[in-house]
Amino acid sequence: MELDGRVVVVTGGTRGVGAGIARSFLEAGAHVVVCARRPPPQPVSAAGCTAGRTAGRTAEFAALDLRDTAAVHAFFAGVGHRYGRLDCLVNNAGGTPYRLLGEGGAERHARVVELNLVAPMTASLAAYPQLREAHGSVVMIGSVSGTRPSPGTAAYGAAKAALENLARTMAVEWAPEVRVNTLVLGMVRTEAAHLHYGDEAGIAAVGATVPLGRLAEPADVGAAAVFLASGRAGYVSGASLLVHGGGERPAFLDAATVNTVNKES
């Protein structure tokens, strides 16, 4: 396996995209530690995803609030003590409720920035000494919300834009020992997809707006993260890899009357 013996930490790795990333690393042969404030409903495991040596392998869970700097440093010290190394940190934890800018005070929006920007920076700084020793890598989980207007999630979009810039700067400052890259995600189908897109018909309709015709699966994101952490990406640093199925079809193409005229003629 391409990551045999490697040690990987996935923040927010207990559900959704994070769990998919953790499973992909397990399948690639890595030892995986997932951290979140609450444990997963069931262990994150490679069981049922693959056969052979990786079948049944399970990620270790650690309870952690990434906004607690002292706890974050203690957590990474514990990983180093237990495994003797750290090869990759995937900064996946994040998210936001839907809230227009005028509907919440600055303090609420600041908490979103803290979770989606400050927390990944805190984790990266705590992990850096071990990553440097192992010549490892950091994978930031970004979002297309950081590349376009993000109505209803403005603070989240701003934080994701800043996260991408942070990764590029880290890639310069921490080279050549540590590589740092970002996965810029589009829409992903998780167990919470219905909260954002509705029932199966709504999810299918939203997926149809993506050039590849569907939402991403967590495993799609996991495969990209494994690539960036592996030797195959040994010369990739400071990069932003778009995992968005081709992006979004520009609205003006369907609104322009010239298209209708040309089709009818």
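Contact here means heavy atoms within 4.5 Å. The model in these views is predicted, so local features need pLDDT of at least 70 and side-chain atom pairs count only at pLDDT 80 or more, while totals for chains, interfaces and linings use all residues. Residues are numbered from 1 along each chain as its sequence is written, and side-chain values use heavy atoms, with hydrogens and water left out.

**View 1. The sheet, with helix 4 lying across part of it.**
Helix 4 lies across strand 5, strand 6 and strand 7, and runs at about 155° to strand 5. Axes are lines fitted to C-alpha atoms, for helices over the stretch in contact, and angles run from 0 to 180 degrees between N-to-C directions. Helices (H or I, at least four residues) and strands (E, at least two) are DSSP runs, numbered from the N terminus. What order do the strands of the open sheet follow? There are seven of them, in the order 3-2-1-4-5-6-7, with parallel pairing. Two strands pair if DSSP finds at least two bridges between them. Strand 3 and strand 7 sit at the edges with a single partner strand each, so one side of each has no neighbour in the sheet. On average, neighbouring strands of this sheet are turned by 20° against each other, direction ignored.

**View 2. Strand 4 and the strands beside it.**
Strand 4 covers residues 88-91. It pairs in the parallel sense with strand 1 (residues 7-11) over three bridges, and V9 stands opposite L89 there. Strand 4 also pairs with strand 5 (residues 137-143), again in the parallel sense, over four bridges. In that pairing, N91 has M140 as its bridge partner. Are the residues on the two faces of strand 4 buried or exposed? C88 and V90 on one side, and L89 and N91 on the other, are all buried. Buried means under 20% relative accessible area, exposed over 50%, and partly exposed in between (1.4 Å probe, protein chains only). As for the two-sided layout, in a regular strand the side chains alternate between the two faces of the sheet.

**View 3. From strand 4 over helix 3 to strand 5.**
Strand 4, helix 3 (residues 106-134) and strand 5 make a right-handed β-α-β unit. To check the hand for yourself, point the strands away from you: a crossover is right-handed if the path from the first strand over the helix to the second then runs clockwise.

**View 4. Strand 6 next to strand 7.**
Strand 6 (residues 179-185) and strand 7 run parallel, joined by four bridges. Look for L183: its bridge partner in strand 7 is L241.

**View 5. Two phenylalanines, F75 and F76.**
Rings of Phe, Tyr and Trp (its six-membered ring) pair if their centres lie within 6.5 Å; planes under 30 degrees apart count as stacked, over 60 as edge-to-face and the rest as tilted. By this rule there are two aromatic pairs. One of them is F75 with F76, an edge-to-face pair at 4.9 Å centre to centre, with 70° between the planes. F75 counts as buried at 10% relative accessibility, and F76 is buried too, at 1%.

A salt bridge is a side-chain nitrogen of Lys or Arg within 4 Å of a carboxyl oxygen of Asp or Glu. How many salt bridges does a search of the whole structure find? It finds nine. Among them is the one between E60 and R82, at 2.9 Å from N to O. E60 is in strand 3 (residues 60-63) and R82 in helix 2 (residues 69-83), so this pair links parts of the chain 22 residues apart. E60 is partly exposed at 26% relative accessibility, whereas R82 is exposed at 57%. D65 and R67 also meet in a salt bridge, at 3.2 Å; D65 is partly exposed at 31%, and R67 is partly exposed at 34%. Another joins R148 and E248 at 3.3 Å. This pair spans 100 residues, from the loop between strand 5 and helix 4 (154-173) to the loop between strand 7 (240-243) and helix 8 (251-255).

**View 6. T153 and what it touches.**
T153 is in the loop between strand 5 and helix 4. It counts as buried, at 17% relative accessibility. Leaving aside residues up to four places away in sequence, T153 touches T96, P97 and R99.
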